[in-house]
Amino acid sequence: SCERARGSEASRSCVAPLLSAHFPIFRKAPAAARGRGLAALSLLCFAAPPLARAMTTVIIVPGNGCTPVNKCNWYGWLHKELQKKGVKSVLRDMPDPYEAKETIWLPFMREMGADEHGVIVGHSSGAEAAMRLIETDKIAGVCLVAACHTDLGIESEAVSGYYNRPWQWEKMKGNAGWVSQFIDETDCFIPAEEGRHVHANLNTELKVFSRGDHFMVSEFPELLEHLLEKLGVGP
């Protein structure tokens, strides 16, 4: 491809047919002029950022009960910090915020931009929503924060619909470009073995903490740093 042949004669031979096909004046130009034009075009082409990175959107999906979302936990803070770094970030109030039903949240996440160019950051119920989404949808990357795999025997969690059937771990791994995971081993709501089970089945890149707060804080610099690294954005 042109990319592999960067800076070589092969790159110019790759570009030349395109110019000739679309710009007849190029075919009539002297050989020296054509050579200079190809060299300049090659520099412009290969200096541009990769298309996939340029199109990446971070979708922040909260836990249930979090509304208005921009005033809850670290969601609004992360959204603003990503934007400061030039990263497109989407944070919206979720429909059905208290029960967080799968049938409502997954279509809404797609509307937010969860596709092959998107990175989902899901917290608590938002993590389970992300896990169900990647059973069927291609996603560039997923970051799970305080994920679990059962309803913990809590009826208000079971109503969401995420836990009523087996998880399709292999399909998840096939559909996500990468999956990372933040676990709080002294989580006040979720036993550590819940997150460990997710890690064992998804082979996630694991970040382990012992803080006891379910990551319910106003700022989360460790998460920001991790996302910027994954996106290839400097600190």
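Predicted model: local features only at pLDDT ≥ 70, side-chain atom pairs only at ≥ 80, totals over all residues.

Q: How many aromatic pairs does a search of the whole structure find?
A: Rings of Phe, Tyr and Trp pair if their centres lie within 6.5 Å. On that basis, the number of aromatic pairs found in the whole structure is 11.

Q: Which class of aromatic pair do W74 and Y75 form?
A: The ring centres of W74 and Y75 are 4.8 Å apart, with 75 degrees between the planes. Planes over 60 degrees apart count as edge-to-face. The pair of W74 and Y75 is therefore edge-to-face.

Q: Is W74 buried or exposed?
A: Buried means under 20% relative accessible area. W74 has a relative accessibility of 0%, so W74 counts as buried.

Q: Why is the pair of Y162 and Y163 edge-to-face?
A: The centres of the Y162 and Y163 rings are 6.2 Å apart. An angle over 60 degrees counts as edge-to-face. The pair has this class because its planes stand at 85 degrees.

Q: What is the relative accessibility at which Y163 counts as buried?
A: The cut-off for buried is under 20% relative accessible area. Y163 counts as buried because its relative accessibility is 14%.

Q: Which residue lies over the face of F209?
A: F209 belongs to one aromatic cluster, whose members include W74, Y75 and F182. At 5.8 Å from the ring centre of F209 lies R211.

Q: Where does the charged end of K230 sit?
A: A charge over a ring requires NZ of Lys within 6 Å of the ring centre. The charged end of K230 is 5.0 Å from the centre of a ring, that of W178.

Notes:
Residues numbered from 1 in each chain as written. Heavy atoms only, no water. Phe/Tyr/Trp six-rings, centres within 6.5 Å; stacked < 30°, edge-to-face > 60°. Buried < 20%, exposed > 50% of the residue type's maximum accessible area, 1.4 Å probe, protein only. Lys NZ or Arg CZ within 6 Å of the ring centre and 35° of its normal.
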